[in-house]
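Please look at the sequence and the structure before reading on.

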Amino acid sequence: MDLALGEPSTWGKIIWFIGLVVWLAIRYRPNRTSRKNKISSTARNPIETFSMIISFTGLGIIPLIWIFTGEISSLNHATNWLMVAIGAALFLWSLYLFRITHKALGAMWSVSLDLREDHKLVTSGIYEKVRHPMYSAFWLWAIAAPFLLSNWVAGFSGIIGFGTLYLLRVRREERMMEDEFGEQYRDYSKRTKRIIPYIY
Ligand code: SAH
């Protein structure tokens, strides 16, 4: 890693990496507590597994490889402080959303499509505004990356990676929730949007 501390591109990398560490810290406890809450049914399948690997690779692995090995640096591009500042603001917003979605979902959270024993539909707090605020947070992360990471591949791999997961998952997730919660979920869907309040 080249640490030219006067360069906006270096600070973009540092801020992205700190964001990743904070995100891991936000996930640490929900991961442990939800594991104790037994899964009653699951909609996981090979496509789910495949799309989680693609997402993880695009959002995390490719940027990490670029940051720490300098691989693909022939595809670097120029950047400036404004880009880095916008990226930092988007990433901060994303982390804030992760924190409040984890708080709202509590032990109902899963990394994939699982229903827990005694699963309750959460429709309050941030879930009153959109049905998939955690996916809104991932989109913000994916969109922050090209502002922070001045490389064409490492910057955009998250949009492609998470985009794949999102497209392959969101309908299946809503079907799973509808099968479980029926009318309650249909009502909830009628009054909320997916990831952008009032818009989408
Ligand atoms: N799509 C949501 C949650 C992602 S985590 C979001 O973006 O915020 C995925 C798990 O959350 C799924 O296994 C599902 O069981 C659970 N889940 C999704 N929406 C929920 C809700 N409104 N209430 C309770 N659990 C929910």
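## A buried asparagine

A polar atom in the side chain of N151 lies 2.9 Å from the backbone nitrogen of V153. Another backbone atom, the oxygen of L75, is 3.5 Å from a polar atom of the N151 side chain. Polar contacts are pairs of N or O atoms within 3.5 Å; within protein, one atom must be able to donate a hydrogen and the other to accept it, and residues adjacent in sequence count only if both atoms are side-chain atoms. N151 belongs to the loop between α4 and α5, and its relative accessible area is 0%, so it is buried. Buried stands for under 20% relative accessible area, exposed for over 50%, and partly exposed for values in between, with a 1.4 Å probe and protein chains only. Helices (H or I, at least four residues) and strands (E, at least two) are DSSP runs numbered from the N terminus.

## Basis of the model

The model is predicted: local features need pLDDT of at least 70, side-chain atom pairs count only at pLDDT 80 or more, and totals for chains, interfaces and linings use all residues. Residues are numbered from 1 along each chain as its sequence is written, and side-chain values use heavy atoms, with hydrogens and water left out.

## Salt bridges across the chain

A salt bridge here is a side-chain nitrogen of Lys or Arg within 4 Å of a carboxyl oxygen of Asp or Glu. The count by this rule is eight. In the salt bridge between E174 and R194, the closest N and O atoms are 2.9 Å apart. This pair links distant parts of the chain, with E174 in helix α5 (residues 152–181) and R194 in the segment after α6 (183–191), 20 residues apart. E174 is buried at 11% relative accessible area, and R194 is buried as well, at 15%.

R131 joins E174 and R194 in a network of salt bridges. R131 is located in the loop between β2 and α4 and is buried, with a relative accessible area of 11%. The R131 side chain also reaches the backbone oxygen of T192, at 2.7 Å.

R186 and E183 form a salt bridge with an N to O distance of 3.2 Å. They are three residues apart in helix α6, so about one helical turn separates them. R186 has a relative accessible area of 35% and is partly exposed; E183 is also partly exposed, at 45%.

A further salt bridge joins K190 and D187, at 3.9 Å from N to O. These two are likewise three residues apart in helix α6, and therefore separated by about one helical turn. K190 is exposed, with 67% relative accessibility, whereas D187 is partly exposed at 35%.

## Ligand surroundings

Which residues are closest to the ligand? They are D114, V122, Y127, H132 and E173, out of 20 residues that surround the ligand, where a residue counts as near if one of its heavy atoms lies within 4 Å. Of the 540 Å² of accessible area that the ligand has on its own, the protein covers 99%. β2 (114–116), α4 (133–148) and α5 are the elements giving two or more residues to the shell around the ligand.

## Positive phi angles

Most residues other than glycine have a negative phi. I72, which is not glycine, has a positive phi near 55°. I72 lies in the loop between α2 and α3 (81–105) and is partly exposed, with a relative accessible area of 30%. D118 also has a positive phi, near 65°. The position of D118 is in the loop between β2 and α4, and D118 is exposed at 62% relative accessibility.

## An exposed phenylalanine

F56 is part of helix α2 (residues 46–69). With a relative accessible area of 56%, F56 is exposed. F56 and Y200 are 144 residues apart along the chain, and their C-alpha atoms are separated by 24 Å.

Key. Accessible areas come from the Shrake-Rupley method with a 1.4 Å probe; for residues, only the protein chains shown count as cover.
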